[in-house]
Amino acid sequence: MVVKVYSTPTCPWCHKVKDFLKENKIKFEDIDVSSNQKAGQEMVEKSGQMGVPVIDVDGKIIVGFNEGKLKESLGI
Amino acid sequence: MGKYDFIIIGAGGTGLAAAMYGARLGLKTLVLGKSHGTELPVGGVITTTHLVENYPGFIKLSGMELAEKIEKHARSYELVTIKEEKVISVKKTKEGFEIKSENDSYKSKTVLFATGTKWRKLDIPGSNEFENKGVHYCALCDGPFFKNKIVGLVGGSDSAAKDALLLSEYAKKVYIIYRGDKIHPEPINLNRVEQNKKIEVVNNTNVLEIKGDKFVNEVILDGDYEGSKSLKLDGIFVAIGHIVLSKLAKELGVKTNEKGEIIVDRMTRTNVKGVYAAGDVADGEFKQLITGVAEGCTAAYSAYEYIGSGKNLN
């Protein structure tokens, strides 16, 4: 399973998503869209919007911190 | 069903400070978070503030850092339990109160409402359609997407000014669009706005509509700006105040004022015995983390006194 988190360093919901993944021992790639504009564009293309965080679980896109959807996508 | 001396609804800075003090006074304390309308992390609304410069002891630090310190402090007491559960009802019982969350129910001798507020949303054509597609409520989160772009900021408060200053670190131009005669941030931030060459304040103006294709590219104003009611921009941020989250308290019979804020005395007592309110949900005029924290500590003391100064604790 490949998990990517598109985030900005100061966004509280991004911290929450990353804490959730760490607590559940899920490995993920943390992509800072504030310093990586190309990744930011990729995030916008994938999610069709500009709000962070965006979580990509094997191509399935979740916008925002949504514990229910995250658990469902991660199978936990 | 867990039994507590002091249950705090709301896990923002106010609730966490109250928990810390409750534990110091020997109260078995439970904090139930997730009561904020936008379901912010433990730490509450201060986590969305870029820089805090008005909290004694810290000249400058991020809201997130400060929230983490306050949370750590509360958690350092064994008598404090913090659960991220949304409360759905608070009822008076013979012995005290019964608090139901989505997950469980709890008994407590006293209750503190530290439920805070949630962001007021802009309710105009296009505002829902383009939410997160150029209409944003968290400058701290989404500001970086507007590097070298043109953005608007609706509002005139201190929070609005701070958001505009933050956005100016990314955007090439920031319009503060305010309905009143003059924006009213704290003087230190007003001065920063006035000195900032990227920020332009457009007073006496409302945004009537937000337009775009996939993303926002224009707003329609109710007055002319440089000869036109159309203002071309790439994003619009909203900081138009908050809605008080006092519904649960009202259902318990707690009195509120015309704004929905819970009416309290100097000891944070409400009209219902054993029930207190502190922070942004209470009727104080000056609302900062530092004032909320002080009110939270006062509430813990009031609860301690009400229970019998340590005589009848769980």
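On helix H2 of chain A, the residues A:Lys38, A:Gln41 and A:Glu45 are exposed, and they sit on the face turned away from the helix's buried side; like everything that follows, this is read from a predicted model. The buried residues of this helix, which spans residues 37–47, are A:Gly40, A:Met43 and A:Ser47. Seen down the axis of H2(A), these buried residues fall within an arc of 60°, so they line one face of the helix. After the helix comes A:Gly48, with a positive phi near 70°.

Chain B has a helix H2 of its own, formed by residues 63–75, and its 13 residues reach 18 Å from the first C-alpha to the last, close to the 18 Å expected at 1.5 Å a residue. Buried in H2(B) are B:Gly63, B:Met64, B:Leu66, B:Ala67, B:Ile70, B:Glu71 and B:Ala74. Because these residues cover an arc of only 160° around the axis, they lie on the same side of H2(B). What covers them comes from both chains, and includes helix H1 (12–23) of chain A as well as helix H1 (13–24) and strand E3 (80–83) of chain B.

The contact between the chains can also be described as a whole. In chain B, 17 residues are in contact with 15 residues of chain A. On the side of chain B that touches chain A, the largest share, three residues, is contributed by helix H3 (residues 139–142) of chain B. By residue type, that side of chain B divides into eight nonpolar, six polar and three charged residues.

Chain B also contains an open sheet of five strands, ordered E8-E15-E9-E10-E11, in which the pairing is parallel. Its edge strands are E8 (135–136) and E11 (199–202) of chain B, each of which pairs on one side only. Strand E10 of chain B, residues 173–177, runs parallel to E11(B) and is joined to E11(B) by four bridges; within this pair, B:Val174 has B:Ile199 of E11(B) as its bridge partner. Helix H4 of chain B, residues 158–167, packs on the sheet and touches strands E9 (150–154), E10, E11 and E15 (235–238) of chain B, while the direction of H4 makes about 170° with that of E9(B).

Definitions and conventions. Residues numbered from 1 in each chain as written. Chains lettered and ligands numbered in written order. Predicted model: local features only at pLDDT ≥ 70, side-chain atom pairs only at ≥ 80, totals over all residues. Helix = DSSP H or I, 4+ residues; strand = E, 2+ residues; numbered from the N terminus. Expected span 1.5 Å × (residues − 1). Buried ≥ 20, exposed ≤ 12 C-beta atoms within 10 Å, placed from the backbone. Arc of directions from axis to C-beta. Contact = placed C-beta atoms within 7 Å. Pairing = 2+ DSSP bridges. Axes fitted to C-alpha atoms, helices over the stretch in contact; angles between N-to-C directions. Nonpolar A, V, L, I, M, F, W, Y, C, P; charged D, E, K, R; others polar.
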